[in-house]
Amino acid sequence: MGCPRTVCEVKETGRNNSVATKTGKNQMMKRLVTSLMAMTLAGAVHAENRLDIVVQPEPPSLMLGLVSNGPTQLVAGDIYESLLRYDTDLNPMPSLASEWEISDDALTYTFKLREDVTWHDGEPFTAEDVVFSVDKFLRETHARLRVSLEHVESVTAPDAHTVVFKLKQPFGPFIGVFEAGTMPMIPKHIYEGTDYKTNPANNTPIGTGPFKFEAWEKGSYIHLVKNEDYYLDGKPAIDDVYYRVIPDAASRAVAFENGDVDVLPGGSVENWDVKRLIEMDGVCSTGHGWEYFAPHAMAWMNNREGPTSSKAFRKAVMYATDREFVKDVIWNGYGKVATSPVSSKTNFYSDDTVMYDYDPDKARELLAESGYDGETVRILPLPYGETWQRWAEAMKQNLEEVGVNVQVVATDVAGWNQKQAEWDFDIAFTYLYQYGDPALGVARSYLASNIAKGSPWNNVAGYENPKVDDLFAKAAVAATPEERQALYTEIQQILVDDVPVAWQLEIEFPTIYRCNVKDLVTTAIGVNDGMRDAYLED
Amino acid sequence: MKDFFKRFSRNRGALIGLFILVVVILVAVFAPLLYPDSPWKMVQRPFLAPFSVDGFPLGTDTLGRDVAAGLAHGARVSLIVGLVSTLVALLIGVPLGALAGFYGGLVDDGAMRFTEFFQTIPNFALAIVLVAIMEPTLPTITLAIAIVSWPPVARLVRAEVLSLRRREFVDAARLAGLSNMRILFGHILPNAMSPIIVMASLMVATAILLESSLSFLGLGDPNIMSWGYMIGAARTVIRNAWWLSFIPGVAILMTVLALNLIGEGLNDALNPRLARKGR
């Protein structure tokens, strides 16, 4: 299969040869040391058929039904599974469900489950587990799924291998929630009737996935082993997976260079190191595997007061900022300039909107039109490291060049949260996940009903437009994808013209790995569930 | 005065230091003429090595900003912070130390316990806390540096005043009917000036280092291009572009070294007997 959709190229430049030889030696030593260490640590290990992956930061827990932050999803995505998986275009693919059917009125979702699936402890996986997971366990513990479950009237199991979801009204995004991090399957026989949060089984997670939990050396590594009874023939192909905890970004880059680790999931090294690492011999990278999350970087503009309350001023900001430059220089060419509140990777994106190209002259005209009087505009950078700081500096410079007085506010994470939650900003950087559907990841930032002080995750800009509210409400429950597309296109046209938010970049966090690791990223959640199909080529 | 320069110039290091400082001051003063554009302006491709493209002798940084322009404008910030914070520290430390030394007793006890309170907290830690509490801007950073640097001044001045206040000229002044304040500020302090001047020159150096360290940690004023900021911002790319941290680093080193050399020269010039004894 090679690597479809991924950038698989071996860079061979004379310039790097001497370095490569040196690294090669180092690499062999390190590998020797690592495998010796692994043998003493974990007993007999097939060192040649193991994969070392960086996990950053160390996850608080691996119980995916209780904790769903990024690192947990990365590791536990190999242990737990859901009914479906999604390809990089967000089309559903079979997983625990082999077939599924949506009724014509879009109210009944019927899933046929595979009959040969067992839990890691040998118990068979049945429809009862699905009903328990969704209706009992996750409804209680999973805030993000609960929002979607509001639309569900009942979950039933007519037989041991059939599950039926009945909805109160059509809810288009529903087909997108059967992802492992959103709806992991939880074993009923272990959790029923217990206090989920304190169940001792949380420390030794039991799922249906291709890998079983083996050991967790806190602060060092998490060791998963192949599930010998996995229901797909010949899978997984890898025997051992070590998720390595390395707290410092520079050390993670070095660990990869030395051959200590084979995979750097997106975001585990600084942007500036990315370029150097992917230019090494035998190193591949891909920007795929984030489509389900589609991180959308944007800058809230305060729609309530100050210069940014003027639409002409907000448009001027869009024309004044050179977002291509940001992409090329600050993000090393990764990502795509965002043209709309919906990411182009998410369903129902439309490019039939106003386009804001870099045009300082137009920005100056709009600025004059807005009646801007030289007031200082405060930019709140995202305090997530150098990349975001440089980004705020670039925006400041862009705006000053068209005549806006800008002050970058110094902040830390707590201050950033607070200033956004209290609406104490003119322009504030952030990035948000889209979760595959505008109803799940986009609407929340623009609905008037979602304006509330105290949270940095709602409609922080304070945008209010009853028409948009109405369209979002209709679009979420429209019966067919065509109707939804029409409504979302209209929403995007209105929003892009109103520019309540300065959309910046569809971020891509490149996954960096050795080229002999094949089929690592084949789905919309990438490395999270990538171990199922990954294999090592000699 | 002539003697002063003669003694000062006998110290070769001090002359070199003075020369470097004058260059830095000239660069700082003429920065807006040399580089009229904002040092934040993105002018060329990023990561240009020094001397690789005409017009950018020191190369460009991570965003394509001219490093030479940053260095020139940064010199202004470093010198201003160094001078102003030292001045503020002197304004706090000198009167406090003078009063403590002159009046003794309870005043002395009170003032010195207060000073010790500040001395027991590590300088840099206190500066970080102060800057973090007040939002980091140029005035707050300057103030924070001043607040952590005055205690040694107070102690030095106190010691000087303690020894001077028993001299005959003070008795003479008192007999002449001068008020305490006139004696203290008109007669004692002028005689304590030389060690204060030497210390002040070293404090400017320390203040520049403190400002750089704060900016390095990301606690600088994000709107002002300073040397510490340049190093801090280049820290993550040190493997790809070492010169981005190296060049402003050398600038800090040279300036601080220059100030230290000058301090030594001043010491020689102002305390001739002490200096000769030392050799």
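**Entry 1: two helices of chain B**

I began with the crossing of α3(B) and α4(B), and I noted that it is left-handed. This is a predicted model, so I keep in mind that local features are reported where pLDDT is at least 70. Helix α3(B) covers residues 67-103 and α4(B) covers residues 105-120. Their axes lie 7 Å apart, and the packing angle is about 145 degrees.

Next I looked up who does the touching. From α3(B) I listed Leu96(B), Leu99(B), Ala100(B) and Tyr103(B). On the other helix, α4(B), I found Gly105(B), Val107(B), Asp108(B), Ala111(B) and Met112(B). Sorted by class, this contact has 7 nonpolar, 1 polar and 1 charged residues.

**Entry 2: where chain A touches chain B**

How many residues does each chain give to the contact? I wrote down 14 residues from chain A and 17 residues from chain B. On the side of chain A, the elements that give two or more residues are α7 (271-278), α11 (386-401) and β16 (405-408). Helix α11(A) has the largest share, with 7 residues. By class, I get 5 nonpolar, 2 polar and 7 charged residues on the side of chain A.

**Entry 3: a sheet in chain A**

I then followed an open sheet of 4 strands in chain A, with the order β4-β5-β7-β6 and antiparallel pairing. Which strands stand at the edges? They are β4 (97-102) and β6 (152-159) of chain A. Each has a single partner strand, so one side of each has no neighbour in the sheet. On average, neighbouring strands here are turned by 15 degrees against each other, direction ignored.

I checked one pair in detail. Strand β4(A) runs antiparallel to β5 (residues 108-113) of chain A, and 5 bridges join them. In one of these places, Ala97(A) has Leu113(A) of β5(A) as its bridge partner.

A helix belongs in this picture too. Helix α3 of chain A (residues 127-141) lies across β5, β6 and β7 (162-167) of chain A. It runs at about 165 degrees to β6(A).

**Entry 4: chain A as a whole**

Finally I stepped back. I count 15 helices and 21 strands in chain A. Its C-alpha trace spans about 70 × 65 × 40 Å along the principal axes. For 538 residues, a compact globule would have a radius of gyration near 24 Å, and chain A agrees because its value is 24 Å.

Of those 538 residues, 49% count as buried. I also looked at contacts with a separation of 6 or more in chain A: residues 24 or more positions apart account for 71% of them.

Key:
Residues numbered from 1 in each chain as written. Chains lettered and ligands numbered in written order. Predicted model: local features only at pLDDT ≥ 70, side-chain atom pairs only at ≥ 80, totals over all residues. Rg over C-alpha atoms; globule rule 2.2 N^0.38 Å. Buried ≥ 20, exposed ≤ 12 C-beta atoms within 10 Å, placed from the backbone. Contact = placed C-beta atoms within 7 Å. Nonpolar A, V, L, I, M, F, W, Y, C, P; charged D, E, K, R; others polar. Pairing = 2+ DSSP bridges. Axes fitted to C-alpha atoms, helices over the stretch in contact; angles between N-to-C directions. Left-handed = near helix turned anticlockwise from the far one by under 90°.
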